[in-house]
Amino acid sequence: MIKMIIAVLAYLILAPVVGGVLAGLDRIISARMQRKVGPPLFQPFYDVLKLMEKERITVNNAMDFYVGCFFLFVIVTGCFFFAGMDLLLVIFTLTLASVFLIVAAFSTGSAYPQLGAERELLQMMAYEPMVLITAVGFYLFNGSFNVSSIVNGSVLADGNVHMAFPYMIGIFVGFLYILTIKFRKSPFDLSMSHHAHQELVAGLKTEFSGKTLALVEIAHWYENVFLLGFVFLFFANGTILGYVIGIVACLITYFFETFIDNNFARMKWNVAINTAWVVALIGMVNIIVLYYL
């Protein structure tokens with residue numbers, strides 16, 4: 001219980017810091033890839049602080065309420081994850097958070113956010129199957145949906161503790177693919193984007209401003225941290241070496257997603273769904289293999 005409380009408190013305090021630094025690194029690496037200098041590392045924090053100081057201008061109170069619910073449920077999702085609770089509960093809570101953000105966009109009555117919200121729904125249709133397949137894969141490998149159990153690895157027939165990655169490589173590839181959607185990177189930054197090339201202005205968050213937009217940005221920092229936590233689970237096996245490999249894998253994954261973001265043009269929504277379901281089939285094949293191992 002003490003370890004669980006410490007893990008949750010560490011997430012609440014450190015996740016926005018780590019998420020903001022990752023966002024800053026993303027901007028710097030993107031700028032270097034384009035042969036530019038780029039902003040300072042802490043620019044995302046400066047941006048959020050400036051948003052917090054802006055005058056409160058909102059379309060309606062309902063929008064702020066739904067964005068607040070989105071922010072709350074993203075944090076609750078991360079708390080469930082780092083407390084070592086049920087992986088399915090984590091996934092369902094994250095889905096509920098996304099639904100609140102979509103409803104917030106629809107509540108504005110503006111064309112751009114509504115179109116962005118529709119695209120967000122299509123993206124959910126694309127990535128949700130693979131997320132559930134990942135949870136099922138961990139259950140078949142470890143015998144439990146609990147994150148605390150998965151982190152400790154699985155004891156196989158040889159009596160040794162093994163990390164999941166070699167046995168779930170197909171699922172890992174599929175999850176890595178849909179992370180591009182969850183991180184809102186090109187070629188799948190369909191509903192909103194952190195770049196200026198978005199033809200929907202700012203997409204889903206066009207009508208968000210001031211403190212409301214700041215909450216959305218901070219929520220994404222929290223979200224990115226526990227999404228990388230899923231990557232960590234593939235490599236954790238209860239040993240210090242496994243934890244180090246897992247952390248390095250998270251950093252490499254984030255760099256890889258940034259590289260993809262800067263080297264691919266945005267694709268249409270039907271491409272996102274079709275390709276995401278193809279990798280979901282690869283994950284299903286991996287599940288069948290795990291079942292008979």
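Asp189 lies in the loop that connects α7 (169-182) with α8 (210-233), where helices (H or I, at least four residues) and strands (E, at least two) are DSSP runs numbered from the N terminus. The model is predicted: local features need pLDDT of at least 70, side-chain atom pairs count only at pLDDT 80 or more, and totals for chains, interfaces and linings use all residues. Residues are numbered from 1 along each chain as its sequence is written, and side-chain values use heavy atoms, with hydrogens and water left out.

Asp189 has a relative accessible area of 1% and is therefore buried (under 20% relative accessible area, with a 1.4 Å probe and protein chains only). The side chain of Asp189 forms a polar contact of 3.3 Å with that of Ser186; such a contact is a pair of N or O atoms within 3.5 Å, of which, within protein, one must be able to donate a hydrogen and the other to accept it, and residues adjacent in sequence count only if both atoms are side-chain atoms.

Ten helices and two strands make up the elements of the protein chain, in the order α-α-α-α-α-α-β-β-α-α-α-α from the N terminus. Of the 293 residues in the protein chain, 51% are buried. The C-alpha atoms of the protein chain occupy a box of roughly 60 × 45 × 40 Å along the principal axes. Contacts (heavy atoms within 4.5 Å) between residues at least 6 apart in sequence join residues at least 24 apart in 75% of cases.

Methods. Buried means under 20% relative accessible area, exposed over 50%, partly exposed in between (1.4 Å probe, protein chains only).
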